[in-house]
Amino acid sequence: MPRAHRRPPRPGVEWEFDTVTFPRDYPRTVVTKLLVERAEHGGWELDRLRIGQDGVRRVVLRRKIIRQRLTLFV
(Lines give C-alpha, C1' and ligand atoms only; values in the text may rest on other atoms or scores of the structure.)
Protein backbone atom coordinates (compact mmCIF):
# COMPACT_ATOMS: atom_id res chain seq x y z
CA MET A 1 0.00 0.00 0.00
CA PRO A 2 2.48 2.64 -1.07
CA ARG A 3 1.34 6.20 -0.60
CA ALA A 4 2.84 8.48 -3.20
CA HIS A 5 1.07 11.55 -1.82
CA ARG A 6 3.20 11.50 1.34
CA ARG A 7 6.66 12.99 1.26
CA PRO A 8 9.42 10.83 2.71
CA PRO A 9 10.93 12.16 5.94
CA ARG A 10 14.41 12.35 4.43
CA PRO A 11 15.72 12.15 0.88
CA GLY A 12 16.66 8.61 -0.02
CA VAL A 13 14.44 6.88 2.57
CA GLU A 14 12.05 4.34 1.11
CA TRP A 15 9.29 2.56 3.02
CA GLU A 16 7.57 -0.78 2.59
CA PHE A 17 3.94 -0.88 3.77
CA ASP A 18 1.81 -3.77 4.98
CA THR A 19 -1.87 -3.70 5.90
CA VAL A 20 -3.23 -6.00 8.61
CA THR A 21 -6.90 -6.34 9.55
CA PHE A 22 -8.13 -7.67 12.89
CA PRO A 23 -11.76 -8.65 13.49
CA ARG A 24 -13.76 -6.96 16.21
CA ASP A 25 -13.81 -10.03 18.46
CA TYR A 26 -10.02 -9.88 19.04
CA PRO A 27 -9.30 -8.27 22.42
CA ARG A 28 -6.96 -5.30 22.58
CA THR A 29 -4.31 -7.32 24.43
CA VAL A 30 -4.19 -9.95 21.68
CA VAL A 31 -3.88 -7.32 18.95
CA THR A 32 -1.11 -5.61 20.91
CA LYS A 33 0.82 -8.86 21.33
CA LEU A 34 0.54 -9.68 17.63
CA LEU A 35 1.72 -6.23 16.59
CA VAL A 36 4.62 -6.28 19.07
CA GLU A 37 5.70 -9.65 17.71
CA ARG A 38 5.71 -8.33 14.14
CA ALA A 39 7.67 -5.26 15.26
CA GLU A 40 10.32 -7.26 17.12
CA HIS A 41 10.83 -9.99 14.54
CA GLY A 42 10.07 -8.21 11.30
CA GLY A 43 11.30 -4.69 11.91
CA TRP A 44 7.84 -3.16 11.37
CA GLU A 45 6.59 0.01 13.04
CA LEU A 46 3.09 1.38 13.34
CA ASP A 47 2.12 3.90 10.67
CA ARG A 48 -1.64 4.11 11.10
CA LEU A 49 -4.39 2.43 13.10
CA ARG A 50 -8.05 2.86 12.28
CA ILE A 51 -10.99 1.36 14.09
CA GLY A 52 -14.06 1.26 11.88
CA GLN A 53 -17.66 1.71 12.95
CA ASP A 54 -18.04 -2.05 12.72
CA GLY A 55 -15.19 -2.49 15.24
CA VAL A 56 -12.66 -3.88 12.74
CA ARG A 57 -9.10 -2.67 13.31
CA ARG A 58 -7.18 -1.77 10.17
CA VAL A 59 -3.48 -1.39 10.85
CA VAL A 60 -0.87 -0.07 8.43
CA LEU A 61 2.69 -1.04 9.29
CA ARG A 62 5.86 0.28 7.68
CA ARG A 63 9.55 -0.52 7.62
CA LYS A 64 12.52 1.03 5.92
CA ILE A 65 13.88 -0.44 2.74
CA ILE A 66 17.64 -0.50 3.07
CA ARG A 67 19.46 -0.59 -0.24
CA GLN A 68 22.94 -2.03 -0.34
CA ARG A 69 25.57 -0.17 -2.28
CA LEU A 70 28.31 -1.93 -4.13
CA THR A 71 31.70 -0.92 -2.79
CA LEU A 72 34.81 -1.81 -4.73
CA PHE A 73 38.33 -1.28 -3.53
CA VAL A 74 40.49 -0.64 -6.57
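**View 1. The accessible surface of the whole chain.** The chain has an accessible surface of about 6600 Å², computed by the Shrake-Rupley method with a 1.4 Å probe. Carbon and sulfur atoms hold 52% of that surface. Of the 74 residues, 22% count as buried, where buried means under 20% relative accessible area, exposed over 50%, and partly exposed in between, with a 1.4 Å probe and protein chains only. Please keep in mind that this is a predicted model, in which local features need pLDDT of at least 70 and side-chain atom pairs count only at pLDDT 80 or more, while totals for chains, interfaces and linings use all residues. Residues are numbered from 1 along each chain as its sequence is written, and side-chain values use heavy atoms, with hydrogens and water left out.

**View 2. The fold, from one end of the chain to the other.** Along the sequence they follow the pattern β-α-β-β. Among contacts with a separation of 6 or more, 57% link residues 24 or more positions apart, a contact being heavy atoms within 4.5 Å.

View 3. The three strands lie in the order β1-β3-β2, with antiparallel pairing; strands pair if DSSP finds at least two bridges between them. Strands β1 and β2 are the edges, each pairing on one side only. From one strand to the next, the twist averages 20°. Helix α1 (residues 28-42) packs on this sheet, where α1 touches β1 and β3, and its direction makes about 10° with that of β3. For these angles, axes are lines fitted to C-alpha atoms, for helices over the stretch in contact, and the values run from 0 to 180 degrees between N-to-C directions.

**View 4. Strand β3 and its two neighbours.** On one side, nine bridges join β3 (residues 57-65) to the antiparallel strand β1 (residues 14-22), and Asp18 has Leu61 as its bridge partner. With β2 (residues 45-51), β3 pairs in the antiparallel sense over six bridges. Here Leu46 stands opposite Leu61, Arg48 is partnered by Val60, and Arg50 by Arg58. The hairpin of β2 and β3 has five residues between the strands, and Gly55 in the turn has a positive phi of about 90°.

View 5. The chain has one aromatic pair, formed by Phe22 and Tyr26: the pair is tilted, at 6.2 Å centre to centre with 45° between the planes. Such a pair needs ring centres of Phe, Tyr or Trp (its six-membered ring) within 6.5 Å; planes under 30 degrees apart are stacked, over 60 edge-to-face, and the rest tilted. Phe22 is buried, with a relative accessible area of 7%, whereas Tyr26 is partly exposed at 35%. Elsewhere, the charged end of Arg62 sits over the ring of Trp15, 4.0 Å from its centre; this rule asks for NZ of Lys or CZ of Arg within 6 Å of the ring centre and within 35 degrees of the ring normal.

Methods. Helix = DSSP H or I, 4+ residues; strand = E, 2+ residues; numbered from the N terminus.
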